Amino acid sequence: MSCGKKFDTGSCVIDILKDIVDAQNDVMRDCTTSCERSIADLLGDVGGGSGFDTVPVILYCKDCKPFKGYGTKKNSGSCNVKGSFFFRVKSVDDDGCAVLELLFSDNDRLGGVEDDESSSSHHNHHRMIVDPKSPAQQDCEDLRASGICITVDLNCFCHVTCLPAAATL
């Protein structure tokens, strides 16, 4: 196959991908991105009222790696830092600065890693640390708002994946 038969963008990869999209559109027109589908589900395809309040997202840095945000919420005198790949977008300003809320599943605690401190003999309870190594290790069912928010520069990202719309609040 030559380098794009209908397009001449200056990029062989872009030209070929545009040709592929044109050919695929001739065959099948029923495809939406994960974000388009999640937004439609959030709004309710017909008549609204889906019960969903969040489109969870995964952001990817320019090096193509998924972004993991960290934060803490002080509870009962303890300060446990948690990491998540899943976010709820709270706001985006005109400069591309966004406030993201970390999302967790109740099941994430079950899959956490036991803290070395908690296994010593002078501790009577086990403290679990949620720190998945990839989005595939983090449970995306029954996501819940954490109250842990971070601020990011959206210009640092090159890709976004939307998870199915959810009721997180």
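Modeller: Helices (H or I, at least four residues) and strands (E, at least two) are DSSP runs, numbered from the N terminus. The model is predicted, so local features need pLDDT of at least 70 and side-chain atom pairs count only at pLDDT 80 or more, while totals for chains, interfaces and linings use all residues. Residues are numbered from 1 along each chain as its sequence is written, and side-chain values use heavy atoms, with hydrogens and water left out.

Colleague: Which pattern of helices and strands does the chain follow along the sequence?

Modeller: The chain has three helices and nine strands. Read along the sequence, they give the pattern α-α-β-β-β-β-β-α-β-β-β-β.

Colleague: What share of the residues in the chain is buried?

Modeller: Buried means under 20% relative accessible area, exposed over 50%, and partly exposed in between (1.4 Å probe, protein chains only). Of the 169 residues in the chain, the buried ones make up 29%.

Colleague: How many residues apart in sequence are the parts tied together by C35 and C162?

Modeller: A search of the whole structure finds one disulfide (a pair of cysteine sulfur atoms within 2.5 Å). C35 and C162 form this link, with their sulfur atoms 1.8 Å apart, and both residues are buried. The link is right-handed, with 85° about the S-S bond. Because C35 lies in helix α2 and C162 in strand β9 (residues 157–162), the separation in sequence of the parts they tie together is 127 residues.

Colleague: What separates D41 and R37 along helix α2?

Modeller: The side chains of D41 and R37 meet in a salt bridge (a side-chain nitrogen of Lys or Arg within 4 Å of a carboxyl oxygen of Asp or Glu), at 2.8 Å from N to O. D41 counts as partly exposed because its relative accessibility is 25%, and R37 counts as partly exposed at 36%. Because they stand four residues apart in helix α2 (residues 34–43), the separation is about one helical turn.

Colleague: Where does C64, with its positive phi, lie?

Modeller: Phi of C64 is near 70°, a positive value in a residue other than glycine. C64 is exposed, because its relative accessible area is 59%. Its place is the loop between β1 (57–61) and β2 (69–72).

Colleague: Which loop holds D142?

Modeller: D142 has a positive phi of about 55° although it is not a glycine. At 52% relative accessibility, D142 counts as exposed. The loop that holds D142 is the one between β7 (128–129) and β8 (143–153).
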